[in-house]
Structures are given as C-alpha cells and as structure tokens.
Amino acid sequence: MNPTGFVDLAILTLTHPAQAARRLLDMRPGREILWLSFFLAVVLNGLVQLGIDHLLPVPGDESVPPPTPVFLGLVRSAGAMLLSVGAFLFVGRFLGGRATFDDILTLTIWLQYLQIAAMVITLVITFVLPFLMLMFLLATAIISLYVTLHFLNEAHQFGSLAKSFGVIVLSALIAVPFVLALTPGGPV
C-alpha cells in the first residue's frame, strides 16, 4: 500500500469505519507483518509520548514528575495494547462474536496508528492554538469510540453496535485492575 492508500484508508476509517474495518480484515496480513506493525506502533507511540512529556509546558506552580524510563514506557504500552486485544477478543467471543486474534490485532494496530497521528496533531495544536486542545482531545475520544464500535462489530460479525459497546464496557472492567497495577503509584 502506498502513502495515498494509507491516507485514503484513514479517511475511510473516519467517515465509514465499518467499510474500513472490512477492507483491513480482507488484507489478511501475515503474522510477521502484524507483529512488526505492532512493535512499530509501540515504538512510535513511545516517541510521541516522550515528545509530549518533554515539549508540553508545565504550569509554574506544579512540580514535574520524574520521567518514566523509556523501556518501561514501551513495555507498558505493549502490555496495554495486548491486554486490550485479548479483552476485546475474549469478551467478544463470550457475547457470541467470531473474531480471531489476528482480526482484533489488525484493527487495534490500525487504530493505534490513527491515535498516534491524533497525538501528533494534539501536540501541534497545543503550541499553535492551545485553547482548542481540550476540544480536540474530546473529539478524538468520541471519534475513537465510534470507530472502535464499528471495528468490533465487523470483526466479531455481531450485526449490533450495542454488543460492540458491551464488549468495550466489559473489556474496560476487566482491564482496569491490570492497568492500575502497572501504573506508578498503583496497587501492588
């Protein structure tokens, strides 16, 4: 796929997420490509997060928390992504879905790339038009939920966005204790 194809797929994802999901699922990339794409997404996410941590201004009266070691950040990012893939897969199957691990991983990786692009745009907006940052973050969260609903619906072949919403809610309930355990200052 050429760069124009990626841009077209990104636009399709935002405008018609169910069609984009079907196109992504029809690609059927091999396991090697999936895992390379997964680790590239983790590294790119880590780089953008590092940029955000070092470039965003901190209000004068707040202390700057010590930076998280890069390797630890990458491990957390990979773990959170794999946890979400596993939760979306198992909860979806529990609710009657038919997705495979590769299906959910493919769609999750693509969403991760789009979220990385959104983080870069957020970083730029923060410097150029800081008063729009919160509005852009809220719009990104809503669009991400909308796309995820459609992606899960297509992957699991539910025919129901309500079931997809159930997958998201139940997956979050499963994942929250693990995420809290992995965060600094969280329960040990």
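Mentor: We begin with a term: two residues are in contact when heavy atoms of theirs lie within 4.5 Å. Please keep in mind that this is a predicted model. With residues up to four places away in sequence left out, E154 touches A18, A21, R22 and L25.

Trainee: Which side chain forms a polar contact with that of E154?

Mentor: The partner is R22, and the polar contact between the two side chains is 3.2 Å. E154 itself belongs to helix α6, which covers residues 133-156.

Trainee: Is E154 buried or exposed?

Mentor: A residue counts as buried when its relative accessible area is under 20%. E154 has a value of 19%, so E154 is buried. Of the 188 residues in the protein chain, 35% are counted as buried.

Trainee: How many helices and strands does the protein chain have?

Mentor: The chain has seven helices and zero strands. Among contacts with a separation of 6 or more, 71% are between residues 24 or more positions apart.

Trainee: How should I read a pair of aromatic rings?

Mentor: Such a pair is described by the distance of the ring centres and the angle of the planes. A search of the whole structure finds five aromatic pairs. One of them joins F6 and W110, which are stacked, with 6.3 Å from centre to centre and 20 degrees between the planes. Because F6 lies in helix α1 and W110 in helix α5, this pair ties together parts that are 104 residues apart in sequence. F6 is partly exposed at 42% relative accessibility, whereas W110 is buried at 9%.

Trainee: Why is the pair of W35 and F39 called tilted?

Mentor: The ring centres of W35 and F39 are 6.2 Å apart and the planes stand at 35 degrees, so the pair is tilted. Both residues lie in helix α3, four residues apart, or about one turn of the helix. W35 is partly exposed at 27%, and F39 is partly exposed at 47%. Ring pairs also link W35, F38, F39 and F101 into a cluster.

Trainee: Which residues make the nonpolar surface patch?

Mentor: The patch is made by L55, V120, V124, F127, V128, L129 and F131, and its area is about 680 Å². Helix α5, residues 101-128, gives the most to the patch, with four residues. V128 is placed in helix α5, and V128 is exposed with a relative accessible area of 57%.

Notes
Residues numbered from 1 in each chain as written. Predicted model: local features only at pLDDT ≥ 70, side-chain atom pairs only at ≥ 80, totals over all residues. Heavy atoms only, no water. Patch = residues over 30% accessible without salt bridge, like charges linked within 9 Å, V, L, I, M, F, W, Y side chains within 5 Å. Areas by Shrake-Rupley, 256 points an atom, 1.4 Å probe, with all protein chains shown as cover. Salt bridge = Lys/Arg side-chain N within 4 Å of Asp/Glu carboxyl O. Helix = DSSP H or I, 4+ residues; strand = E, 2+ residues; numbered from the N terminus. Buried < 20%, exposed > 50% of the residue type's maximum accessible area, 1.4 Å probe, protein only. Polar contact = N/O pair within 3.5 Å; in protein donor to acceptor, adjacent residues only side chain to side chain. Phe/Tyr/Trp six-rings, centres within 6.5 Å; stacked < 30°, edge-to-face > 60°.
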